Amino acid sequence: MITFDSPVLLILLAVLPTLLYLNHLWNKRGAHISFSFTIWQKEVLSKARFIERFALFVSTVAFWCALIALLIAVAGPSISEKERIHLNRGHDILLVLDESPSMAAQDFSPVNRFETAKGVLKDFVGRRNNDSIGIVGFGNQAALRVPPTRDYQTVNDRLGEMKLMEMGQGTAIGMGIAVACVHLQHSRAQNKIVILITDGENNAGEIPPLSAAKIAAEMGVRVYTIGVGTHGEVPIELEDPTTGNIIRGKIESQYDEELLKEISTMTEGKFFPATSPGSLESVFNDIDSLESVQQRVRVDIKTEPIHREFILVALVLLLLTFAIRKIIFREVL
Amino acid sequence: MLLHPESLWLLLLLLPVGAVLLRNYRMGRKEFKRVKGSGPAKRLFDVFTIKWFFTSFFFLLSLLFIIFALTGLKDKRETLEELPADKDVIFAVDISRSMLSRDIQPSRLERTTTLINSIFSRSNSARYGLVVFKGEGYVYVPVTEDLEAMKKAIDTLSPSMFSSGSTNIQAGLETAFNAFPSGEERRKIVILFTDGESHSGSSAAVTTTAGKKQITVNVVGVGTTQGGEITLSEDRTLRNQDGEVVISRLNPVPLRKIAEETGGTYCQLDEVGSLSELFECLSLQQKGENIRFLEQERYQLFLLVAIAALFISFLVRIIPWRGTY
């Protein structure tokens, strides 16, 4: 949107019609010679060539445009943009994602559980506007992928870069929660949340899941647990990131529903089963509504002056007029 | 102070414009001579001269003031802007091989990481982020409150993180500028650590973007102007194609410029300075730093004069001179 610093000066534009009248319609004006055609015989003054008439037309238009540009520039035009400034602190959310090979199970279309989870998480991140989001991945071990941040671009980039089996074949649920807690310890957010996505039983890591849950509960971190997968045998296919070999097979995977439930009750979170991509999506919608708070927002208007562009255009147009009339047509006055 | 001093070059345009006007006057005089000066033609010629003089003079005057308006004369003490108290600080760290030089002990890069670590321990009210750059910039740690992640990341800094060769300070700074989260009221500060040996990129573009986004860039020049060899491993130094040892020197001139033009400070991390001096220089503990003067550009008056002159030049030309004939 264009705004003006001193809109009063736009009143100067009112001078234009007068000048236009004087220049183009007032036949008693100076700097031109008027004479009657009847005195002259017809063919003495040949009609100006098209190119000449065109150049003259261009110079006239350029002159008036230059004048308009100057009159607008003097009023101080600027482009203003609205920016929403959040006045309250949002949540700190750490997404803890299982990277074990069973996440490659193909019961979640179109690819597998892992890719579906990444897609749903991306949408979830896209819906945030004031919460800090971080990501922890876990296999045999757990590691921070992104610290909690509001730089959603980086979060999405790192989410896209995540691969299965980068940290071995195990499922260290306790480590995942513990690492998330370590990175929430300096957080000044009122609501600290961990969202754990897994499809297997805890079978690795030095910290048992319930101890980790206890730490989380003491820190006031709520843990939402999501168990993904259908029951029974499912085909898997994945690439081993260290060797590059394709691993194919069938697995019978089952998450430990009791454990996930207990973790969530200990930390005042909630357990959600997700048996299909659709249900995983609705889980995140549920979490959205559970964690929504009143947002206090102020709208800031940022302005960027653009008078310089107008002045430059005016200068170029004036010089164009000058070049056509004084250099090409050699107008003496 | 001029915002766009380069616009003054446009003044040179006035010379050819004036020359053309003068030539056209001569042509006009020649035409009059052909008509030959009996009474009315002589007086007509005087009118022509007067009109020519005033319209040309005011046209040139108008151009002159349009160019003045373009220079962007600044008036410093116009409005005060209170800056938000909370800060987002992004460290933009040069990790090119020249940062391995040992002209300051143990090496430029290690001194940098020590300094960044002590900045954490002194002021923890801010959020921090880390951008590393060589030929391109990369957001290594996005802006976060999570000091653990920052500390870990800083310990792993090394030139082998990227394979790209050259150093592009502009790319590094632009990556840092884009890494600030929007939609919050926080001060945006970049602290650039580099030895200034940039092989590509221009600083003018960077400072303009910084101004628009209200980002302050503090620059820490790492190294000495005497320079030092670049140590690749214990007994190997970087040599050029002829086998000569490459000496890398701190190049403070462009760095100082970036800091000055974005309202930041420049300081040097070399053997002489102490840490507390550096902190003072980076104004991380100063009081009263939360207010700054907004620079108001003065151009409207110039433009008004230019428009008035253009009107006069225009009117002198078309309003007829009565009573001559």
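## A leucine at the meeting point

Leave aside the neighbours of B:L63 within four places in sequence, and B:L63 is in contact (heavy atoms within 4.5 Å) with A:L315, A:L318, A:L319, B:L14 and B:V17. This is a predicted model, in which local features need pLDDT of at least 70, side-chain atom pairs count only at pLDDT 80 or more, and totals for chains, interfaces and linings use all residues. Residues are numbered from 1 along each chain as its sequence is written, chains are lettered from A and ligands numbered from 1 in the order in which they are written, and side-chain values use heavy atoms, with hydrogens and water left out.

## The nonpolar cores

B:L63 belongs to the largest nonpolar core, which has 44 residues. A nonpolar core is a set of buried Ala, Val, Leu, Ile, Met, Phe, Trp, Tyr and Cys residues joined through side-chain atoms within 4.5 Å. Buried means under 20% relative accessible area, exposed means over 50%, and partly exposed lies in between (1.4 Å probe, protein chains only). A:L67, A:I311, A:L318, B:L63 and B:L303 have the most contacts inside this core.

In chain A, α1 (15-25), α2 (50-74) and α9 (307-328) each supply at least two residues, and so do α1, α2 and α9 of chain B. Helices (H or I, at least four residues) and strands (E, at least two) are DSSP runs, numbered from the N terminus. The largest share, 10 residues, comes from α2(A). In soluble globular proteins, nonpolar side chains tend to be buried together.

## Where the chains touch

The contact takes 60 residues from chain B and 61 residues from chain A. About 5,300 Å² is buried between the two chains, and carbon and sulfur atoms give 64% of this area. Buried area is the accessible area (1.4 Å probe) that two parts lose on being put together, summed over both. In chain B, the residues B:E145, B:F314 and B:R317 lose the most area to chain A, together 13% of what that side buries.

There are 23 residue pairs in polar contact between chain B and chain A, both at pLDDT 80 or more. A polar contact is a pair of N or O atoms within 3.5 Å; within protein, one must be able to donate a hydrogen and the other to accept it, and residues adjacent in sequence count only if both atoms are side-chain atoms. Which element gives the largest share of the side of chain B that touches chain A? It is α9(B), with 10 residues. By class, this side has 35 nonpolar, 11 polar and 14 charged residues. Here Ala, Val, Leu, Ile, Met, Phe, Trp, Tyr, Cys and Pro count as nonpolar, Asp, Glu, Lys and Arg as charged, and the others, Gly among them, as polar.

## Salt bridges

A search over all chains finds 27 salt bridges. A salt bridge is a side-chain nitrogen of Lys or Arg within 4 Å of a carboxyl oxygen of Asp or Glu. Six salt bridges cross the interface of chain B and chain A. In one salt bridge, the side chains of B:R317 and A:E331 meet (3.2 Å, N to O). B:R317 lies in helix α9 of chain B and A:E331 in the segment after α9 of chain A, so this pair joins two chains. Both residues, B:R317 and A:E331, are buried.

Chain B has salt bridges of its own. B:R108 and B:D195 meet at 2.9 Å, N to O. B:R108 is in helix α3 and B:D195 in the loop between β5 and α6, so the pair ties together parts 87 residues apart in sequence. B:R108 is buried, at 0% relative accessibility. B:D195 is also buried, at 0%. B:R127 and B:E184 form a salt bridge too (2.8 Å, N to O). Salt bridges that share partners join A:R150, B:D88, B:R127, B:E184 and B:R186 into one network.

## Two buried loop residues in chain A

A:H91 is found in the loop between β2 (77-86) and β3 (92-98) of chain A. Is A:H91 buried or exposed? A:H91 is buried, with a relative accessible area of 3%. The side chain of A:H91 makes a polar contact with the side chain of A:N191 (3.2 Å).

A:A104 sits in the loop between β3 and α3 (113-127) of chain A. A:A104 counts as buried, at 0% relative accessibility. The C-alpha atoms of A:A104 and A:V234 are separated by 9.7 Å, while the two residues are 130 residues apart along the chain.
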